[in-house]
Amino acid sequence: MANHTLLLLSQDNHHYRDLLSKAYLPGLTVLMPGNDNEIRAGLERADILLGEPARIRPWLKQARELKWVQSTYAGVDVLLSPGTRQDYQLTNVRGIFGPLVSEYVFAHLLSINRHLRHYREQQRHHNWQPIPYQSLAGKTMLILGTGSIGQHVAGTARHFGMQVLGMSRTGREAPNFDRTFQPPALNKVLPQADVVVSVLPSTPETRNLFDEQRLNHIKPGVIFFNVGRGDAVNETALLHCLRTGRIGAAILDVFATEPLPESSPLWDMPNVVITPHNSGYSFPDQIVTRFSRNYLKFIEGKTMEGVVNFDLGY
């Protein structure tokens with residue numbers, strides 16, 4: 001059996017090394033570099049890299065033996081920009097974030113719908129004051145992106161009795177969606193949605209998808225989530241809609257620039273919730289399970305899980 005060498009390029013290197021040492025990975029040597037010189041030395045012989053895309057990118061050119069990169073994130077857009085090396089297999093961890101992102105969306109949606117923040121404030125003032133609300137049942141959710149994350153969110157929405165519409169590049173039917181559409185139909189579908197959830201990746205087609213013109217088609221008072229990529233939304237147009245009340249509330253986990261600059265007006269808007277890009281966290285134990293399955297496929301020459309198409313961008 002051929003031997004392989006894995007170089008760790010992650011913020012959680014120690015955790016990954018410990019987990020990998022317990023996994024069944026025949027013929028694999030794991031290198032955990034402590035500094036840049038050790039990284040350079042490791043790149044002389046490593047044919048596999050595991051880590052966050054932004055940590056891997058600066059070292060790609062020096063990885064002479066590279067055959068496979070396992071990203072610890074689902075989003076790998078920093079490895080897809082023009083001029084970046086693409087002569088290796090790239091796999092991401094799509095498929096493991098669905099339950100986490102679904103928890104995130106419904107934690108915030110229920111909090112807004114049931115006025116939890118207001119009741120907390122009223123409790124502080126010993127104020128007994130019911131606030132009218134409506135059920136989620138019968139409301140319509142539009143999810144942009146019908147892959148594994150979108151399907152999980154859709155399944156939870158159906159549990160609450162919501163109608164679920166989806167948009168994807170192909171418009172193909174997908175589990176848990178009542179109907180699915182292609183992007184050209186978006187302006188017709190948007191006015192039907194009480195809740196809009198973007199789980200879109202960053203691709204040339206999705207960038208600036210929600211510009212000023214597009215946001216004119218949303219239903220006034222909509223609850224808008226972005227848990228995909230920040231560049232799908234024009235933040236100037238979004239700010240305008242939030243100020244006028246056209247968007248009732250925005251729950252934003254991703255932004256065009258991250259971390260979100262301190263000067264951004266979004267921080268201080270009462271109808272905005274900001275979280276630091278953590279709606280779906282990459283848990284090392286889940287990633288090592290995925291990596292281990294992929295490694296066994298890699299050494300047998302089989303198709304791995306989560307292979308990224310460099311042309312499509314996901």
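**Strand pairing and helix packing**

In the predicted model, strand β10 (residues 222–226) runs parallel to β9, to which it is joined by four bridges. Within this pair, Val196 lies opposite Phe224 of β10. Strand β9 also pairs in the parallel sense with strand β6 (residues 140–144), again over four bridges. Here the residue facing Val197 of β9 is Ile143. The side chains of strand β9 (residues 195–198) are divided between two directions: Val195 and Val197 point one way, while Val196 and Ser198 point the other way. All four of these residues, Val195, Val196, Val197 and Ser198, are buried.

A further set of strands forms an open sheet. Five strands make up this sheet in the order β2-β1-β3-β4-β5, with parallel pairing. The edge positions are taken by β2 (28–31) and β5 (89–91); each has a single partner strand, so one side of each is left without a neighbour in the sheet. On average, and with direction ignored, neighbouring strands of the sheet are turned by 20° against each other.

Between strand β1 (residues 4–9) and strand β3 (residues 48–51), which run parallel, there are four bridges. Leu7 is positioned opposite Leu49 in β3. Helix α1 (residues 13–21) packs on the sheet and touches β1, β2 and β3. The direction of helix α1 makes about 150° with that of β1. Helix α2 (residues 36–43) likewise packs on the sheet, in contact with β1, β2 and β3. For helix α2, the angle between its direction and that of β1 is about 155°.

Key:
Residues are numbered from 1 along each chain as its sequence is written. This is a predicted model: local features need pLDDT of at least 70, side-chain atom pairs count only at pLDDT 80 or more; totals for chains, interfaces and linings use all residues. Side-chain values use heavy atoms; hydrogens and water are left out. Two strands pair if DSSP finds at least two bridges between them. Axes are lines fitted to C-alpha atoms, for helices over the stretch in contact, and angles run from 0 to 180 degrees between N-to-C directions. Contact means heavy atoms within 4.5 Å. Buried means under 20% relative accessible area, exposed over 50%, partly exposed in between (1.4 Å probe, protein chains only).
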